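This report walks through a structural model, from the overall fold to the contact between chains.

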Amino acid sequence: MSHLSLPSPDLAILQRRNDILKQLKKLVPDAILITDQEGRRTFETDALTAYRCLPLAVVLPESTEEVSAILRFCHENHVKVVPRGAGTSLSGGALPLEDAIVLCLTRMTKVLSIDLTNRVARVEAGITNTGITQAVAAQGFFYAPDPSSQIACTVGGNVATNSGGAHCLKYGVTTNNVLGLRIVLMSGEIVDIGGPSLDAPGYDFLALIVGSEGQFGVVTEVTVRLLKAPEGARPMLLGFDSNEKAGACVAGIIAAGIIPVALEFMDRPAIHVCEHFVAAGYPLDVEALLIVEVEGSEDEIDTLLEKIGEIAEDYHPLVMRRSQSAEESAKIWKGRKAAFGAIGQLSDYYCMDGVIPLSKLPKALDEIGWICRRYRFDVANIFHAGDGNLHPLILYNANDQLQLERVELCGAEILKLCVELGGCLTGEHGVGIEKRELMRVQYSDADLAQQMRVKAAFDPDWLLNPGKVFPLEGIGLQ
Amino acid sequence: MRVGFHAPDTVEELAYLVAEAADTRTPLEVMGRGTKREVGRPVQHGAVISTESLVGIPIYEPSELVLVALAGTPVAQIEQLLAENDQEFPFEPVDLGPVLGFGPGQATIGGVIATNLSGSRRILSGAARDHVLGVQAVNGRGETIRAGGRVMKNVTGYDLARALAGSWGTLAVMTEIAIKVLPAQREVRTVLCFGLADLNGVEALCLALGTPFEVSGTVHLHAELAECFSDQEIANAGASVTAIRVENFPASARYRSSRLKQMLQAYAPALELDTMRSRIFWNEVRALKMFQKTARPLWRISTVPSTAPKLVSSLARKIDVRVLYDWSGGLVWLETPPISDAGAVEIRRTIAEFGGHATLIRAEAQARAGIDVFQPLDPPLMALTASLKRAFDPVGILNPGRMYAGI
């Protein structure tokens with residue numbers, strides 16, 4: 001693709017490539033160092049596949065000490081570093097640069113300690129999101145943030161993007177569930193932030209590092225909160241003849257004092273594709289579908305679903321169906337979780353991630369429809385309605401260069417709309433390279449300059465994951 | 001810049017004053033209504049800048065769970081509005097006013113967020129910082145900046161808004177804050193055990209938190225502190241008190257409290273408070289009523305719950321301490337006798353052994369000037385702290401030295 005470019009490479013670094021790699025090999029002999037073209041090709045992109053770039057090399061360390069040695073070496077030699085977990089970023093956050101080393105943490109997967117009495121676990125950053133829950137599930141505990149890519153994505157990547165998920169309406173996102181970090185700064189310095197207790201001393205560096213898109217340091221260990229799994233959970237389906245009614249029902253449920261554990265929204269195109277793909281049992285004659293899930297004992301679930309049903313009546317649902325069995329619940333969620341895959345079978349799609357205030361939901365969906373029609377793209381909407389985090393999927397043909405450019409423009413218009421409605425550019429995917437140039441839509445130069453000064457406090461030479469998050473031409477710090 | 005007290009009533013004026021102070025390198029004491037100004041190292045300042053005239057709630061959308069308030073708005077005023085709409089601050093901010101010689105409910109929302117004060121419900125719902133959605137603030141250059149926004153999820157750029165929580169006015173002057181609120185709990189039930197030793201009390205609390213019943217309060221306190229409660233049955237028990245709270249819709253809260261009582265049988269739960277009595281009890285915890293009678297040094301210690309009783313008993317061998325365990329023991333409020341260093345040497349030494357960190361919340365200015373009020377940081381973290389301070393406040397005019405010397 002396309003109109004977003006990466007910073008021009010440092011030619012001196014490219015010329016010194018062999019020398020740099022030789023020294024690096026000597027420095028960390030036990031780390032895996034990938035230098036051949038074919039091997040590097042595996043790392044040339046992330047889940048924003050339209051952008052590709054072969055890095056100088058890829059290194060996969062196995063310890064914090066190795067990470068520290070690599071970063072110190074790169075710092076001294078002025079070599080840029082792109083940290084990477086599983087590479088599932090949808091915003092190009094892990095996109096390599098030609099003159100950068102990719103530092104991939106996927107060999108650091110150990111669970112270092114589990115303390116169920118105090119409900120915390122310390123893990124290495126390369127463990128997958130579900131890997132944490134798997135380590136404690138037998139005892140009935142879980143790690144709450146659940147991004148759709150949770151089987152593959154690493155907790156280090158979750159920290160970088162402050163990942164959310166379908167259940168974050170109740171349980172919060174990554175920043176609400178991380179208590180401590182071990183981070184290696186670009187200088188090679190190892191810093192411990194926070195720990196197993198519920199608050200950390202001094203400034204809230206956890207807040208800064210979570211969501212910093214790998215630009216402050218390389219996180220090697222994470223201490224997370226564990227929660228006890230609920231006694232049970234069950235969803236219900238609510239179908240409406242308009243997006244407006246579904247949106248109003250979401251607001252009605254929350255206004256009644258009920259915070260469901262998940263509140264998912266699908267529009268007509270999304271419903272049809274998912275139903276066709278997994279036969280989840282979704283009604284096909286509705287314009288909008290809500291999946292509302294509540295937790296608790298069987299009695300509590302019945303009471304809550306009944307209450308939600310009563311509230312929904314005010315918005316004249318066409319369909320109202322409580323799941324009757326574990327199998328039915330699993331099918332309902334299978335449809336939702338397979339949604340992106342199902343749409344991907346039909347067409348290439350560009351997945352947006354804007355957030356809007358809940359009350360603007362019907363207006364936003366209406367306008368998104370108009371924008372896409374103007375660009376002659378079909379769009380399917382599947383998203384976390386409870387927190388206003390939209391995921392319009394714009395369907396296009398990735399092999400058509402013209403469509404590729406148009407779909408980015410279309411997406412940018414949708415994100416600008418989200419900001420105009422009082423929302424923001426990204427709720428959980430991150431800015432990365434993708435939304436870099438749109439930052440000015442949301443923030444003033446003074447706002448961005450302040451963010452860049454904070455970046456410089458961690459990494460004064462801007463060697464960590466450069467070319468992301470901020471408009472490339474710069475803000476003019478001084 | 002004019003020496004004295006400034007309480008500008010517009011953000012523009014406030015930004016102008018800070019810019020002027022930066023130009024003239026005039027150190028500023030930053031505060032809301034000043035109920036917590038006696039916390040921290042004494043600040044040597046040339047002028048005071050207060051947000052107390054920035055009052056108002058420009059946005060409140062109950063169905064979106066969002067409230068935007070100007071920094072100087074009293075917490076009590078916001079809570080009244082929330083209550084009218086059956087909502088509340090999920091983080092139940094501790095009211096330090098009464099233990100610091102002020103009346104209750106006087107703190108401003110800016111002050112609560114700047115000090116990241118969270119109450120008992122932190123174990124379930126998160127800390128004050130977890131509910132910050134966005135801020136407008138004036139940095140040490142006098143520039144007005146915005147960070148975050150007013151929506152529930154936002155990863156657009158770095159999370160500067162949350163990072164200002166707990167920075168005690170040393171990075172920027174917050175002028176407006178967007179906060180996530182939640183529906184108020186309809187029914188509150190409190191299960192109480194009496195006479196448990198610290199170790200057993202904390203064990204019972206940890207057990208309760210390891211259930212799926214969404215326990216939202218877990219405190220344990222010694223008999224001599226329990227006398228303070230206005231609930232006579234508790235005050236007259238003459239024993240330590242271990243209290244566990246559940247909140248929800250009525251049927252759920254009742255079901256959950258009964259299940260908890262079964263699970264805690266070994267600890268002999270002896271009393272269950274209904275909603276009314278529960279509210280009174282937890283409000284008194286929130287106002288730290290047990291520490292209001294004296295002006296003795298008061299510490300706030302963060303540690304790991306199961307470590308807390310050991311830490312306290314080790315300390316108790318050296319100093320006569322009175323203790324409230326909150327967050328199952330993860331937070332220890334500890335009162336010491338009026339000794340010259342407020343017990344700092346012993347407390348810091350014990351914490352080094354057991355793990356955790358301590359902040360001195362109440363002490364004479366003389367004591368605060370001579371010791372580290374906030375937990376000293378490891379050198380790498382201290383270096384990062386200094387860099388972050390410079391990134392917001394390059395000439396060091398905002399509450400200089402309040403948290404750490406030179407910061």
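## Burial and overall shape

A residue counts as buried if 20 or more other C-beta atoms lie within 10 Å of its own. By that rule, buried residues make up 57% of the 478 residues in chain A. The model is predicted.

Chain A has a radius of gyration of 23 Å, which agrees with the value near 23 Å for a compact globule of 478 residues. Along the principal axes, its C-alpha atoms fill a box of roughly 70 × 55 × 45 Å.

## Fold and domains

Chain A holds 18 helices and 18 strands. Of its contacts with a separation of 6 or more, 73% join residues 24 or more positions apart.

Three domains divide chain A: domain 1 (11-104), domain 2 (233-339) and domain 3 (347-436). The centres of domain 1 and domain 2 of chain A are 44 Å apart, taken over C-alpha atoms.

## Nonpolar core

The largest nonpolar core has 282 residues. A:Ile209, A:Leu290, A:Ile394 and A:Cys418 have the most contacts inside it.

Beyond its neighbours within four places in sequence, A:Ile394 is in contact with residues including A:Tyr349, A:Tyr350, A:Phe377 and A:Val407.

## Contact between chains A and B

Chain A gives 70 residues to the contact, and chain B gives 65. On the chain B side, the elements that each supply at least two residues are β8, α5, β10, α6, α9 and α14. The largest share, 8 residues, comes from α14(B).

By class, this side of chain B has 30 nonpolar, 22 polar and 13 charged residues.

Notes: Residues are numbered from 1 along each chain as its sequence is written. Chains are lettered from A and ligands numbered from 1 in the order in which they are written. This is a predicted model: local features need pLDDT of at least 70, side-chain atom pairs count only at pLDDT 80 or more; totals for chains, interfaces and linings use all residues. A nonpolar core is a set of buried Ala, Val, Leu, Ile, Met, Phe, Trp, Tyr and Cys residues joined through C-beta atoms within 7 Å. A residue is buried if 20 or more other C-beta atoms lie within 10 Å of its own, exposed if 12 or fewer, and partly exposed in between; C-beta atoms are placed from the backbone. Two residues are in contact if their C-beta atoms, placed from the backbone, lie within 7 Å. Domain bounds come from an automatic or database domain assignment. Helices (H or I, at least four residues) and strands (E, at least two) are DSSP runs, numbered from the N terminus. Ala, Val, Leu, Ile, Met, Phe, Trp, Tyr, Cys and Pro count as nonpolar, Asp, Glu, Lys and Arg as charged, and the others, Gly among them, as polar. The radius of gyration is taken over C-alpha atoms; the globule rule is 2.2 Å times the number of residues to the power 0.38.
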